[in-house]
Amino acid sequence: MSATLTISQAGPALTIQDMGRPGWRAQGLTKGGAADPVALYEGAALLGQPPELAVIEMTGTGGTFTADADIRIALTGATMAASIDGDAIVWNASHMLPAGAKLTIGGTTGGTYGYLHVGGGIASDTLLGARASHLSAGLGQPLAAGDALPLGADKSRETGLQLPRDSRFDGGTVRVVASMQTDHFTADERKRFETTAFTRDPRANRMGVRMDHDGDGFSAEGGLSILSEVIVPGDIQITGDGAPFVLMGECQTTGGYPRIGTVIPRDLPRVAQAASGAAIRFEFITLEQAITLETQHRQDIKALGGQVTPLVRDPAKIRNLLAYQLVGGAISATDNPFEEEH
């Protein structure tokens, strides 16, 4: 019988996510999926399972969860305060959640989107080939208190593993390549775009992230004559007030605002995870440089399993210390280990 994860208290923006739905753009549906796909690969490395399994995405804050059987969990993405039955647990690590124990996840302390992974993944119904909620398209719905989520079969029992924290939660430099209308912006305007210090506007969601800056807005020559055409996540549209708007996974499939550039895929999670007010700068790179960076990024993701290390816990903070087998590796200080017993 499969395990069930029940939500007893839910934050305002909890959804089921996976890698999304590729292949539906011609029908007007963007891929969607996790706002930070890297976090899915990290959780998969911590639990030793495929990254395509469905998880819970938590925006800003989490909730309270219980399971009806012992299950493995991993926590990745934006750091959030987390505890099991009141005992604090480490983020970016895997843990055992005993049956009936209360997992509590609070607000973010760094980043925007946090992820709760479970061994075997969330086995909700698939729709158009995926389990991901795509709320702007009417697929799925936010999770709420009282929801009971079926879990897939878990093929492992290993926990107590951790990964180092990545730097993508702290804002920073975001690389972009030329887009369909980059040439509509003068060389001076593109240079000003690169040298401007932006901050992530609080007005952001899974469709797009607005960038704030001091000074005049940006504009394109002939911007009002641009026809609506295909757009993709990562495109940076310059809206009517001159502010850049970075499109995310649930953006529309066509648009008519001029695009000054496109964020490369490996840097899009940096935009998604930047907290409100975080500093961001944009840097134009060539298509060849972008391909090199993307190739390296894919290699880095595949190598995540090699970065997993054991999570060392303080015995003084382990409530059920006596439940652990503590002397299995003990040896004698005087006996010769190579001497045969008689």
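1. Which side chain meets that of R72 in a salt bridge? The partner is D154, and the N to O distance is 2.8 Å, where a salt bridge is a side-chain nitrogen of Lys or Arg within 4 Å of a carboxyl oxygen of Asp or Glu. R72 lies in strand 5 (residues 71-84) and D154 in the loop between strand 9 (148-150) and strand 10, so the pair ties together parts that are 82 residues apart in sequence. R72 counts as buried, at 1% relative accessibility, whereas D154, at 28%, counts as partly exposed; buried means under 20% relative accessible area, exposed over 50%, and partly exposed in between, with a 1.4 Å probe and protein chains only.

2. Please keep in mind that this is a predicted model, in which local features need pLDDT of at least 70 and side-chain atom pairs count only at pLDDT 80 or more, while totals for chains, interfaces and linings use all residues. Residues are numbered from 1 along each chain as its sequence is written, and side-chain values use heavy atoms, with hydrogens and water left out.

3. On the overall picture, the chain has four helices and 20 strands; these are DSSP runs numbered from the N terminus, with helices being H or I of at least four residues and strands being E of at least two. Taken along the principal axes, the C-alpha atoms fill a box of roughly 90 × 45 × 35 Å. Of the 342 residues in the chain, 46% are buried. Among contacts (heavy atoms within 4.5 Å) between residues at least 6 apart in sequence, 78% join residues at least 24 apart.

4. The next point concerns the nonpolar cores, each a set of buried Ala, Val, Leu, Ile, Met, Phe, Trp, Tyr and Cys residues joined through side-chain atoms within 4.5 Å. In soluble globular proteins, nonpolar side chains tend to be buried together. The largest core here has 30 residues, and those with the most contacts inside it are Y115, M211, I236, V246, V263 and F282. Among the elements that give two or more residues to this core are helix 1 (37-47), strand 8 (103-118) and strand 19 (279-284), while helix 3 gives the largest share, three residues. Apart from this core lies another, of 28 residues, among them L5, I16, I89 and L151.

5. F282 deserves a look of its own. Not counting residues up to four places away in sequence, F282 touches V174, V176, F193, E194, F198, M211, I236, V246 and V263.

6. Returning to charges, a search of the whole structure finds 15 salt bridges. One of them joins the side chains of E42 and R168, at 3.0 Å from N to O, and this pair links distant parts of the chain, with E42 in helix 1 and R168 in the loop between strand 10 (161-162) and strand 11, 126 residues apart. E42 is buried, with a relative accessible area of 4%, and R168 is also buried, with a relative accessible area of 4%.

7. R175 forms a salt bridge with D267, the closest N and O atoms being 2.5 Å apart. Elsewhere, salt bridges that share partners join D201, R203, R210, D212 and D241 into one network.
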